[in-house]
Amino acid sequence: MTRFRALTLTAVLAGLLAGGVAFAQGQGPGRRGGPGGFGGPGGPGGPGGLPLQALNLTEAQQDQVKQLMEQSRQQNQNVGEQLRSAMEAQRKAVETIPVDEGLIRSTTQALVDAQTEMAIHQARLRSEIFTLLTPDQQAQVRKLQAERNQRGQQERQRGQQRQKQ
């Protein structure tokens, strides 16, 4: 059971890391697109999962978002590297024979700390971008996110029903 948890945690963290790496790459050539003229990393439509493509951002807003992304890129790369290192250290600790519970606990705590830093960094960026939006755009973001959450809930329910069958 412990090995299963470790493997599951590693898989989840690898997904977070992959998202963090994509997020860290920021805007690059050829990444502008969509109805609002802005596309890129960080989830559906833009950084932090904000659906920026659906908001018809002005050119000024697009430039401000790009500037925020560039400002956060280096910090996000540093946090991503900490996360990768922590994942590797935890993996090695789990594979150590004989089992060293203290090492596993300390490396797992370091991993949790790195994940926390990544989440805080992404939340700050998301908040900064959100404040650039007009009140109408902010309301549209909330509506689109509620719809996305509802679709996710329906998918989870369907998955649970399939498991019962």
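This is a predicted model: local features need pLDDT of at least 70, side-chain atom pairs count only at pLDDT 80 or more; totals for chains, interfaces and linings use all residues.
## Where H3 meets H4

Arg126, Phe130 and Thr131 of helix H3 make contact with Gln138, Val141, Arg142 and Gln145 of helix H4.

How do the two helices lie against each other? Two packed helices are described by the angle between their axes and the distance between the axes. Here the axes of H3 and H4 (residues 135-164) come within 9 Å and cross at roughly 130°.

## A closer look at Phe130

Let's follow one residue from that meeting point. Which residues does Phe130 contact, leaving aside its neighbours within four places in sequence? They are Leu50, Gln138, Val141 and Arg142.

## The nonpolar cores

Phe130 also belongs to the largest nonpolar core, which has 12 residues. Among the other members are Leu50, Leu52, Val65, Met69, Ile129, Leu133 and Val141. Helix H2 (59-95) and helix H3 (101-132) each supply at least two residues of this core.

There is a second, separate core of seven residues, including Leu83, Ala86, Met87 and Leu111.

## A buried glutamine

Now find Gln61, which sits in helix H2. Is Gln61 buried or exposed? Its relative accessibility is 7%, and buried means under 20%, so Gln61 counts as buried. Not counting residues up to four places away in sequence, Gln61 touches Leu132, Leu133, Thr134 and Gln137.

Technical notes
Residues are numbered from 1 along each chain as its sequence is written. Side-chain values use heavy atoms; hydrogens and water are left out. A nonpolar core is a set of buried Ala, Val, Leu, Ile, Met, Phe, Trp, Tyr and Cys residues joined through side-chain atoms within 4.5 Å. Buried means under 20% relative accessible area, exposed over 50%, partly exposed in between (1.4 Å probe, protein chains only). Helices (H or I, at least four residues) and strands (E, at least two) are DSSP runs, numbered from the N terminus. Contact means heavy atoms within 4.5 Å. Axes are lines fitted to C-alpha atoms, for helices over the stretch in contact, and angles run from 0 to 180 degrees between N-to-C directions.
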